[in-house]
Amino acid sequence: MSMLTRQQLNSRAALSATARAAGAGPHAGAPATTGGPAAGRGTGSDPDAQPTGGPRGDLRFPTGFGWGAATSAYQIEGGAKEDGRGESVWDTFSRAPGRTRNGDTGDVAADHYHRYADDLDLMRDLGLRSYRFSISWPRIQADGTGAPNQRGLDFYRRLVDGLHERGISPMATLFHWDLPQALQDAGGWENRDTAYRFAEYADAVFRGLGDQVPAWLTINEPKTVVQNGYLIGHHAPGFQNPQAAYLVAHHLQLAHGLAVRALRATGSTGRIGPALNLHPCYPADDSAEAGRAAHLYDGYENRLYLDSILKGSYPADVLDDLGADSWMARGIADGDLETISSPIDLLAVQYYTPYYVTGDGGTVTRWPTSQADWQQIYPDGMYDILTRITRDYGPVPLTVTENGLPQADTLSADGTVDDNGRISFLRDHMAAAHRAISEGVPLESYHVWSLLDNFEWAEGYDQRWGLIYVDYPTQRRVPKRSAHWYREVIRANGL
Ligand code: FCB
């Protein structure tokens with residue numbers, strides 16, 4: 001399993017851990033180098049650059065384009081013990097010593113559970129057309145099984161009603177990593193049964209909220225659970241077991257397919273699809289070795305999830321690399337790929353960074369990084385990944401459900417937050433998305449990660465990803481300069 005070891009060394013968490021050990025601060029990372037296959041194509045937005053002004057309207061998006069912002073339950077809600085909510089793996093993980101930066105947890109987070117009405121007003125003021133949020137499984141089923149908790153459903157019903165009242169379209173993710181701890185105790189995603197529990201939970205949510213939610217996303221970034229949760233152990237549940245990791249990948253894909261079928265079984269007209277973080281994987285040089293290594297890297301990063309859902313088969317090169325005796329290979333039952341490839345209505349793409357792969361399967365950094373050392377700022381990667389999906393998988397409707405960057409934003413004495421680097425980043429990535437649309441990519445909507453500053457998993461609260469600043473001691477919200485800029489983009493329907 002040579003490639004697995006590489007993945008382990010190169011994934012997002014490992015990179016940040018390495019940079020931290022080396023004493024690197026915000027914006028650390030290798031300086032941008034030029035050359036290589038992508039040279040000359042990047043606009044290379046500088047996180048510290050000054051924006052050149054408001055949107056000029058030169059790049060108009062299709063009428064009705066779904067400008068949005070995204071969040072997830074554990075990262076913003078808080079209210080950890082309220083209204084019958086059970087424990088999730090992230091409660092357990094974040095409370096364990098040494099697992100998160102500063103020992104931060106999501107117990108309070110941005111206190112959205114109590115402040116959702118004010119947050120809805122902020123979304124209305126931004127002019128959002130779409131809001132992507134996630135439903136906390138342990139609020140609906142404290143132990144991951146049995147009758148749904150009505151108080152949990154009621155919270156999301158109030159949220160969804162509030163969105164409709166403000167003319168914002170809800171997009172709900174069913175699983176954004178907060179697995180009920182009781183299911184983890186029963187084996188978690190290594191246990192095939194968890195996929196069936198997920199389908200039951202999804203069914204309960206569809207019956208409770210389905211009439212009001214036009215778009216559903218099944219599993220958020222299965223790959224991050226696989227790599228960060230099971231290869232590196234930097235995310236919950238915190239294991240380091242390559243065999244288990246890819247069995248988990250299969251079960252997450254199975255859970256996705258079962259949830260798609262569960263929605264259809266309710267007779268709902270709602271749309272549904274997966275939310276995948278996809279990374280363009282470029283060879284780091286012109287050698288045949290780098291070309292081959294980049295192809296396999298792409299298999300682990302992208303095709304493992306795309307091929308199974310959209311083509312009904314796992315990529316042969318990845319299965320070969322894992323080996324016929326791998327836990328994953330042995331865990332694939334007859335009919336699973338049919339379930340996994342149940343027709344979807346939309347594919348959600350989350351784009352943050354490219355990878356440049358060397359002949360030995362390692363990676364190099366070619367562009368400036370953000371405060372997150374794993375993130376190289378390369379807007380053309382957005383164009384490349386969107387056009388590639390349409391080219392390789394056909395005209396499946398696309399939505400970008402996450403794109404953004406973290407900064408060490410500060411609230412100045414005059415009450416403003418000047419996050420000009422975020423404006424440059426967003427503008428460049430939106431322009432890349434626009435270019436993909438003009439070349440025929442069926443992209444319907446785009447969501448900034450994130451609406452609010454929030455609990456960034458192992459990084460705790462140090463990284464601020466929001467359009468809206470959260471002053472955690474007071475929970476005061478302050479729209480950053482990027483929020484004001486985004487409001488004008490939405491109003492102009494373009495850049
Ligand atoms: C994605 C996650 C999201 C957030 C962003 C920065 O991988 O889906 O919750 O952490 O990264």
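Predicted model: local features only at pLDDT ≥ 70, side-chain atom pairs only at ≥ 80, totals over all residues.
Reader: What distance does histidine 176 keep from the ligand oxygen?
Author: An N or O atom in the side chain of histidine 176 is 2.8 Å from an oxygen atom of the ligand. Glutamate 402 has a polar side-chain atom 2.9 Å from a ligand oxygen. For tryptophan 457 the distance between a polar side-chain atom and an oxygen atom of the ligand is 2.9 Å.

Reader: And how much of the ligand's area does the protein bury?
Author: The protein buries 100% of the 300 Å² that the ligand exposes when taken alone.

Reader: Switching to the fold. Which strands close into the barrel, and is the pairing parallel or antiparallel?
Author: Eight strands close into the barrel, in the order S1-S2-S3-S4-S5-S7-S10-S11, and the pairing is parallel. On average, neighbouring strands of this sheet are turned by 25 degrees against each other, with direction ignored.

Reader: How many bridges join S1 to S2?
Author: Three bridges join strand S1, residues 66-70, to strand S2, residues 130-134, and the two run parallel. Alanine 69 stands opposite tyrosine 131 in S2.

Reader: Which strands does helix H18 touch?
Author: Helix H18, residues 481-492, packs on the sheet and touches S1 and strand S11 (443-449). The direction of H18 makes about 155 degrees with that of S1.

Reader: What about H10, where does that lie?
Author: Helix H10 (residues 222-232) lies across strand S4 (215-220) and strand S5 (271-277). H10 runs at about 35 degrees to S5.

Reader: Now the three strands in the open sheet. What's their order?
Author: The order is S6-S8-S9, with mixed pairing.

Reader: Why is one side of S6 and of S9 left without a neighbour?
Author: Strand S6 (281-283) and strand S9 (363-364) stand at the edges and each has a single partner strand, so one side of each has no neighbour in the sheet.

Reader: How does S6 run relative to S8?
Author: S6 and strand S8 (residues 355-357) run parallel and are joined by three bridges. Cysteine 281 stands opposite tyrosine 355 in S8. Helix H12, residues 288-310, lies across S6, S8 and S9 and runs at about 170 degrees to S6.

Reader: Backbone geometry next. Which residues does the cis bond with omega near 5 degrees connect?
Author: That cis peptide bond goes from alanine 236 to proline 237. Proline 237 lies in the loop between H10 and helix H11 (242-265).

Reader: What's omega between tryptophan 449 and serine 450?
Author: Omega is about 15 degrees there, and the peptide bond is cis. Serine 450 is in the loop between S11 and strand S12 (468-471).

Reader: Last one, is phi of aspartate 111 positive or negative?
Author: Phi of aspartate 111 is positive, near 55 degrees, in a residue other than glycine. Aspartate 111 lies in the loop between helix H4 (89-95) and helix H5 (112-126).

Notes: Residues numbered from 1 in each chain as written. Heavy atoms only, no water. Polar contact = N/O pair within 3.5 Å; in protein donor to acceptor, adjacent residues only side chain to side chain. Areas by Shrake-Rupley, 256 points an atom, 1.4 Å probe, with all protein chains shown as cover. Pairing = 2+ DSSP bridges. Helix = DSSP H or I, 4+ residues; strand = E, 2+ residues; numbered from the N terminus. Axes fitted to C-alpha atoms, helices over the stretch in contact; angles between N-to-C directions. Contact = heavy atoms within 4.5 Å.
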